[in-house]
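Reader: Hi! I'm new here, could you walk me through this one?
Author: Happy to, have a look first.
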Amino acid sequence: MTRMRTRLFVLHVLAVTLLALLTVRLWQVQMMRGAEFVSAADETRNRNVVVPAVRGQILDAWGRPLVRNRTALVISVDRTALIRMKDGGAGVLQRLSAVLGTPAKQLEKRIQPCGPGVTRPCWTGSPYQPIPIDQKATTREALQILERQEEFPGVTAQVQAVREYPGGRAGAQMLGYLQPATEEELEKREGLKAEFSGVDVVGRDGLEYVYDEALRGKSGLRKVQVDRMGKSLGVRQRVAPIPGDTLITSIDARIQGIVEKAIDKAMKGAPRADGAAGVVLDARSGRVVALASAPGYDPAIWTGGISEKEYQRLLSDKEGKPLVSRAINGQFAPGSTFKVSSVSAMLRAGYPLHGHYACPGSYMVGSRAFNNFRGIGLGTLTLHTALVRSCDTIFYKSSYEEWIKDGGLRPKKPPKERFASMARAFGFGSPTGIDLPGESSGRIPDRAWKKELWAATSATNCRRSRTGYPEVTDRSRAAFLKRLAYENCLEGYLLRPGDAANFSIGQGDVLVTPLQLAAAYAALVSDGKLRSPRIGWALVRPDGTLVKKIEVPVKGELPLSPKERAYIKNALSQVASDGTAAGAFSGFPMDKVKVGGKTGTAEVWGKADTSWFASFAPTSKPRFVVVAMVSQGGMGGSTAAPAVREIYEGIYGFERAADGETTDDKAKDDKAQEKAQRRPELPTGVLPKIKSDGTVAR
């Protein structure tokens with residue numbers, strides 16, 4: 001009896017305990033986690049579909065499209081759905097291959113995630129999003145897929161917006177390109193993952209990258225109610241996507257095309273040329289009017305996925321690395337175009353502005369003779385004439401004297417380094433800060449740089465000083481390299497007198513980008529303010545409402561007085577008419593538009609000379625700064641200067657006769673009035689007006 005009572009008591013305790021636990025659990029489910037389970041239940045009845053926004057256009061300064069959208073039928077494949085099939089989706093791909101006329105193996109490659117050992121074409125985006133495999137599908141192909149959906153599970157055909165480039169290759173590196181968002185980007189880029197639609201693309205380079213957030217817009221949301229089988233019952237909630245902003249740039253598409261043609265022609269005229277760049281700046285504002293690099297490529301190559309062969313070609317040295325912009329990334333010795341900085345350094349060092357200087361055929365720098373061009377002496381010159389006729393020995397002498405004042409091989413602390421300091425004041429040695437990614441900084445080889453270089457290379461130089469260069473077949477060359485390695489091993493940290501002399505004429509280790517040179521000349525011939533160039537001008541909504549005007553920052557000021565700047569500008573104003581570029585501008589209507597500038601011919605070991613011409617026009621009130629550079633193009637006056645002349649002829653609408661003379665469009669003939677009406681319009685400096693319907697008001 002006692003045992004029976006004990007058992008009943010235990011059962012009662014267990015029952016009470018279980019009831020208590022059940023009560024606590026019910027309270028926890030309903031009170032503590034009620035909202036969570038309601039949300040989960042709601043999710044089983046609803047599906048959130050993110051609707052991608054239409055990406056904003058990129059327009060030129062007149063409102064003409066540089067990048068726009070066009071609608072296209074896009075065939076996409078859900079790779080996750082295919083993998084879950086018994087045959088891994090092989091059957092679906094075979095049927096899809098027959099519809100699209102694309103080999104099944106190629107389709108397999110396109111949906112395979114990129115990674116180590118996986119060559120393009122492959123998928124760079126998230127593995128959980130639909131993968132576009134054909135962005136140029138026909139209506140017939142799309143209907144075959146949609147009408148036989150049971151044969152194509154995981155395959156969709158939708159109308160989507162894809163990028164179109166009306167200018168073709170023009171400005172490809174500047175505009176950039178789009179690629180699918182990666183998992184890493186979804187995690188790192190704030191707000192992107194929450195709005196990710198599964199088919200979003202992001203800017204990878206150029207303006208598409210810098211202004212990606214504004215251009216991308218904001219995705220919409222469609223909440224679809226479904227039954228327990230996942231079948232749609234209707235739309236419960238709809239939030240419309242907000243289209244991306246339109247980016248208006250300061251680029252003039254007409255002038256951009258002129259620059260592209262001019263540098264391409266210059267390369268063809270120089271047998272060894274392997275690259276070129278052209279820059280046009282508005283001298284008054286610092287805005288970019290044109291930015292070109294050759295060789296170029298058609299940015300449409302990215303649409304629909306790029307093959308491994310095409311991708312490697314864009315990065316190939318043999319093809320000239322067309323993906324790289326030589327205008328902002330190319331670093332070259334500037335030659336005599338750099339003398340505007342050296343003249344300024346002389347003035348700050350105390351050399352008289354109106355002094356007279358000897359220009360012998362050669363000058364001894366330490367124990368070595370440094371020659372003028374072709375060893376020709378030019379007598380006694382002013383600094384004005386030294387720039388016009390491009391004397392070298394005047395600059396050798398002054399830079400050598402300043403090197404000695406700084407202590408020579410035993411520098412004072414701190415050395416003044418007049419020439420290097422002035423170069424930095426002109427913006428050389430640091431990025432301009434343009435609104436493009438990956439800009440190069442150039443190089444100013446001062447004493448600090450020499451020490452850094454020696455620290456990084458001394459071990460290799462010391463080893464080579466012992467082992468030599470057995471792989472070099474030319475014995476004299478091998479002996480020279482071994483001796484040089486020995487010198488650099490022992491004293492590579494020293495700035496030698498020859499380094500200072502070469503620096504003064506833009507040779508040796510000094511490197512600049514074409515954009516840096518253009519920005520420096522713009523500061524010199526305008527108000528003395530060094531600006532950070534801008535391509536973006538304004539962001540506007542599709543209905544024309546101004547969102548933001550993009551200002552051009554001032555990053556510094558040249559340490560020159562207005563009188564000194566005017567003196568240098570006046571000297572440069574004679575170069576195209578009476579100086580080293582006179583041959584290239586023979587017959588140009590200087591009475592209509594006078595062009596000033598400076599030629600540059602930079603020697604490069606083992607290669608042909610780099611050809612430069614940095615210019616501005618009109619000289620009285622400079623409106624444009626135009627810089628052209630042709631790598632391995634030869635002399636500045638014979639390759640780069642003619643290209644710049646062609647650019648000015650195009651900008652102002654001048655025509656060149658068969659005899660080489662340039663004539664004004666207002667020639668006195670029966671069609672003078674008609675020609676005058678065809679004269680191209682110059683950039684106005686006024687933002688184009690976008691109407692409420694998205695069109696441009698003319």
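Author: A term to start with: buried means under 20% relative accessible area, exposed over 50%, and partly exposed in between (1.4 Å probe, protein chains only). This is a predicted model, where local features need pLDDT of at least 70, side-chain atom pairs count only at pLDDT 80 or more, and totals for chains, interfaces and linings use all residues. Residues are numbered from 1 along each chain as its sequence is written, and side-chain values use heavy atoms, leaving out hydrogens and water.
Reader: Thanks! How many disulfides does the structure hold?
Author: Two, a disulfide being a pair of cysteine sulfur atoms within 2.5 Å. C462 and C489 form a disulfide with sulfur atoms 2.0 Å apart.
Reader: And where do C462 and C489 lie?
Author: C462 is in helix α17 (residues 447–467) and C489 in helix α18 (residues 475–491), so the pair ties together parts 27 residues apart in sequence. Helices (H or I, at least four residues) and strands (E, at least two) are DSSP runs, numbered from the N terminus.
Reader: Is C462 buried or partly exposed?
Author: C462 counts as partly exposed because its relative accessibility is 21%, whereas C489 is buried at 14%.
Reader: New topic: what's on the covered face of strand β13?
Author: Y357 and C359 are on the covered face, while H356 and A358 are on the uncovered one.
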